[in-house]
2 protein chains.
Amino acid sequence: MLSKKTKYGLKALTYLATQKGKEPVQIAEISRKENISQKFLESILLTLRKTGFLGSKKGKGGGYYLIKEPSEIPMTSVIRVLEGPIAMVPCVSLNFYEKCNDCPDEKSCAVHKLMLQVRDSALDVYRKTTLADLII
Amino acid sequence: MLSKKTKYGLKALTYLATQKGKEPVQIAEISRKENISQKFLESILLTLRKTGFLGSKKGKGGGYYLIKEPSEIPMTSVIRVLEGPIAMVPCVSLNFYEKCNDCPDEKSCAVHKLMLQVRDSALDVYRKTTLADLII
DNA sequence: GATAACTCTATTATTTCTATAGGATTAATT
DNA sequence: AATTAATCCTATAGAAATAATAGAGTTATC
């Protein structure tokens, strides 16, 4: 299941991408328009700023804005920051690899074999999709 | 993330699929060979029996066995029984559809659009893979 | 009748996710 | 300088899902 964090983060990013200028947009506005708890959204936007997707301006008239062009923001990086690994098991993860402690040999593991294919298929989608592609 | 239930279930199914005959295999044996807590495995195998994947024989010399040929067991049905929906959000699920309450219109939802593609790509993999393909 | 196996329900433990609280900091406006 | 409007940050509570355990019950074989 996709976490609410990722879902809300994607919605917020898309909302910012639809804004014409680079004027800061307030959390309250995004929260209202996208039906997201403001406090929760606050922490998500903070994460997105710290990981280089968003810029922010403090004080009156402040808010958040996209740093890059939507077409320069691939889903692979958004998902990895918000959701974590794209793979469904750590032993097939490219960026979050971990060995299974219950499995003596990955090469002969059925779960490994299946999940490798599932990861690759998801990766295909995320790699070819940017934030620009999500705007409708 | 794939739940341990699904992971263990897949391993158990694969183990049974590698057994030559249709002789019942005891929980204890699968548990030992695949490093799975026996009690936890017990409940998983019970689920797989109730959903028509396994047969069981009680009493001495009893155990679990596959009812169908491994090549007749598609991953779509295994995953749906053990893990639940293949989709990452209910609003793009074929078998477990639910409307999002925070989203007024699916057609204009970025998350919906992206997750539809991810679901389809995973579905491709699961549909073309049977238990027989997991045996190495 | 003894033993070995599955069956079933209930419960606990653990983890993760979601959301909230509350104050600190910053910047624009008056 | 004071006020106001906004982000920043840490901590933590609450809820839900997952994982695992316990223990008694049932069935079949020998």
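## Chain A at a glance

Among contacts in chain A between residues at least 6 apart in sequence, 57% link residues at least 24 apart. Two residues are in contact if their C-beta atoms, placed from the backbone, lie within 7 Å. This is a predicted model: local features need pLDDT of at least 70, side-chain atom pairs count only at pLDDT 80 or more, and totals for chains, interfaces and linings use all residues. Residues are numbered from 1 along each chain as its sequence is written, while chains are lettered from A and ligands numbered from 1 in the order in which they are written.

Chain A has six helices and two strands. Their order along the sequence is α-α-α-β-β-α-α-α. Helices (H or I, at least four residues) and strands (E, at least two) are DSSP runs, numbered from the N terminus. The C-alpha trace of chain A spans about 60 × 25 × 25 Å along its principal axes. Of the 136 residues in chain A, 34% are buried. Buried means that 20 or more other C-beta atoms lie within 10 Å of a residue's own; exposed means 12 or fewer, and partly exposed is in between, with C-beta atoms placed from the backbone.

## Helix α1 of chain A

Helix α1(A) covers residues 4-18. Its 15 residues should span 21 Å at 1.5 Å a residue, and its end C-alpha atoms are 21 Å apart, which agrees. The expected span is 1.5 Å times one less than the number of residues.

Buried residues in α1(A) include Tyr8(A), Leu10(A), Leu13(A) and Leu16(A). The buried residues of α1(A) pack against α2, α3, β2, α4 and α6 of chain A, and also against α5 of chain B.

## Two chains, one axis

Chain A can be laid on chain B with an RMSD of 0.1 Å, by a turn of 180 degrees and a shift of 0.0 Å along the axis. That is the relation of a two-fold axis. The superposition is by least squares on the C-alpha atoms of residues with pLDDT of at least 70 in both copies. Ser121(A) is the residue of chain A closest to the rotation axis, at 2.7 Å (C-alpha).

In the interface, 26 residues of chain A are in contact with 26 residues of chain B. Helix α5(A) gives the largest share of chain A's side, eleven residues. That side has 15 nonpolar, six polar and five charged residues. Ala, Val, Leu, Ile, Met, Phe, Trp, Tyr, Cys and Pro count as nonpolar, Asp, Glu, Lys and Arg as charged, and the others, Gly among them, as polar. The copies meet through the same surface, because 100% of the interface residues of chain A are also interface residues in chain B.

## Helix α5 of chain B

Helix α5(B) has 19 residues. It reaches 28 Å from its first C-alpha to its last, close to the 27 Å expected. Its buried residues pack against α1, α4, α5 and α6 of chain A, together with α4 of chain B. On the other side of α5(B), Arg127(B) and Lys128(B) are exposed.

## Around the DNA

Of the 24 residues around DNA strand C, Ser3(A), Lys4(A), Ser37(A), Lys39(A) and Gly59(A) come nearest. A residue is near a strand if its C-beta atom, placed from the backbone, lies within 6 Å of it.
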